[in-house]
Amino acid sequence: MNLRREVKGWLRERGGEVFVPRRDRLRNFHFIRFGRFELPEEVAHTVDEAKGTMTVPLDKMMSRAAFPFGGAGWHPFAAALEQQLEDPSLGYRDTVLHAFYARFQPETVHDLLLDGFSVPRSNLASWPSVDDLIDVWAATASMVEQRRREFERHRTLAHSQYRGPTPDEYGSRHLQRCLDVYKSLTKDGYQPDDRPVAGYLLTRDGDYRFVVGHGNHRLAAMRLYGFTSLEVALRLNHPAVIAEERLPRWTGERGGLLEPAEAKAVFDRFFVDDSRERAAALGLL
């Protein structure tokens, strides 16, 4: 039994939460967060407490880099998978995913999440665009400091599925994973495993977005296959719900790391953008 998992699960079933950063827990003591959260009404009535899951429409699901999985939104995995399904002979270098990684290479979290937004360059403009800092709501001062030092020392970023640059082998592997999932759906249907799609929720005035941490390849394939909703779980290593009215908790005035305008703009990105303009600006549409 994983005691931490059991305790967090027990608390979350009752609408409560203790969020403890994963790294340097003593140094980041003031980033520990206690509180209650409320699931959106549309989601709350779908909760399966026995499985620890809830059902969310794909139209509400976004990647951590704010590319949507459902509706008319544009996602690089889904766009490249669609190309492969239309023309199986297409080589990776001729796909939109290769072009995406070649053209979308933000060095900072500001440039990854806030490109096209008229918000001043501030704290996020000094955060390297590595995966564990893209989740700005779970970042701590020591995490940011460590990633800054690593980037300044090596002047390179670890490969990421969310942005380039990436070697062809890395990008091709991601596309193949999406294709493998699609083929599996065609052959066997959806076979839920012990690791469901997992993420966290952003909520605003009755609306919400589910930001996916684990399950990106699966969702890209399921979108092309025609799924409209899916059972998902809340991530354990991230606050469960970020409510717009509680954004000040993540700003400097309340012990957080963001400027108020940054927190608001990052939050807005997931609600006001279907990423088609982002894709068009990169010449991918």
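This note goes through the predicted model point by point.

1. **Ground rules.** Residues are numbered from 1 along each chain as its sequence is written. The model is predicted, so local features need pLDDT of at least 70 and side-chain atom pairs count only at pLDDT 80 or more, while totals for chains, interfaces and linings use all residues; side-chain values use heavy atoms, leaving out hydrogens and water.

2. **Overall make-up.** The protein has eleven helices and eight strands. These are DSSP runs, numbered from the N terminus: helices are H or I with at least four residues, strands are E with at least two. Of the 285 residues, 52% are buried. Buried means under 20% relative accessible area, exposed means over 50%, and partly exposed lies in between (1.4 Å probe, protein chains only). The accessible surface comes to about 13,900 Å², and 49% of that belongs to carbon and sulfur atoms. Such areas come from the Shrake-Rupley method with a 1.4 Å probe; for residues, only the protein chains shown count as cover.

3. **Contacts along the chain.** Take the contacts between residues at least 6 apart in sequence. Of these, 66% join residues at least 24 apart. Contact means heavy atoms within 4.5 Å.

4. **Strand S6 and its partners.** Look at strand S6, residues 207-214. Six of its eight residues are buried, so S6 is largely enclosed by the rest of the structure. Strand S4 (residues 61-63) runs parallel to S6, joined by three bridges. Here Met62 stands opposite Val211. Strand S5 (residues 197-204) runs antiparallel to S6, with seven bridges. In that pairing Ala198 faces His214. Two strands pair if DSSP finds at least two bridges between them.

5. **The S5-S6 turn.** S5 and S6 form a hairpin with two residues between them. Asp205 sits in this turn. Its phi is positive, about 45 degrees, although Asp205 is not a glycine. Is Asp205 buried or exposed? Asp205 is exposed, with a relative accessible area of 76%.

6. **Ala66, for contrast.** Ala66 lies in the loop between S4 and H3. Its phi is near 70 degrees, again a positive value in a residue other than glycine. Ala66 is buried, with a relative accessible area of 0%.

7. **Strand S3.** Strand S3 covers residues 54-57. Met54 and Val56 make up its covered face; Thr55 and Pro57 make up the uncovered one. Four bridges join S3 to strand S7 (residues 229-234), and the two run antiparallel. The bridge partner of Val56 in S7 is Leu230.

8. **Helices H3 and H4.** The axes of H3 (residues 76-86) and H4 (residues 96-103) come within 8 Å and cross at roughly 145 degrees. Axes are lines fitted to C-alpha atoms, for helices over the stretch in contact, and angles run from 0 to 180 degrees between N-to-C directions. Pro76, Phe77, Ala79, Ala80 and Gln83 in H3 meet Val96, Leu97, Phe100 and Tyr101 in H4. Eight of these residues are nonpolar, one is polar and none is charged. Nonpolar covers Ala, Val, Leu, Ile, Met, Phe, Trp, Tyr, Cys and Pro; charged covers Asp, Glu, Lys and Arg; the others, Gly among them, are polar.

9. **Aromatic pairs.** The structure holds ten aromatic pairs. Rings of Phe, Tyr and Trp (its six-membered ring) pair if their centres lie within 6.5 Å; planes under 30 degrees apart count as stacked, over 60 as edge-to-face and the rest as tilted. Phe67 and Trp74 have ring centres 5.9 Å apart and planes at 70 degrees, so this pair is edge-to-face. Both Phe67 and Trp74 are buried. Trp137 and Trp250 have centres 5.7 Å apart and planes at 85 degrees, so they are edge-to-face. Trp137 is in the loop between H6 and H7, Trp250 in the loop between S8 and H10, 113 residues apart. Both are buried. Ring pairs also link Phe67, Trp74, Phe100, Tyr101 and Phe104 into a cluster.

10. **Two prolines.** Pro128 lies in the loop between H5 and H6. Pro128 is buried, with a relative accessible area of 5%. Among the residues it touches are Glu107, Leu133, Arg147 and Phe151. Pro165 is in the loop between H7 and H8. A cis peptide bond joins Gly164 and Pro165, with omega about 0 degrees.

Conventions
Lists of a residue's contacts leave out its neighbours within four places in sequence.
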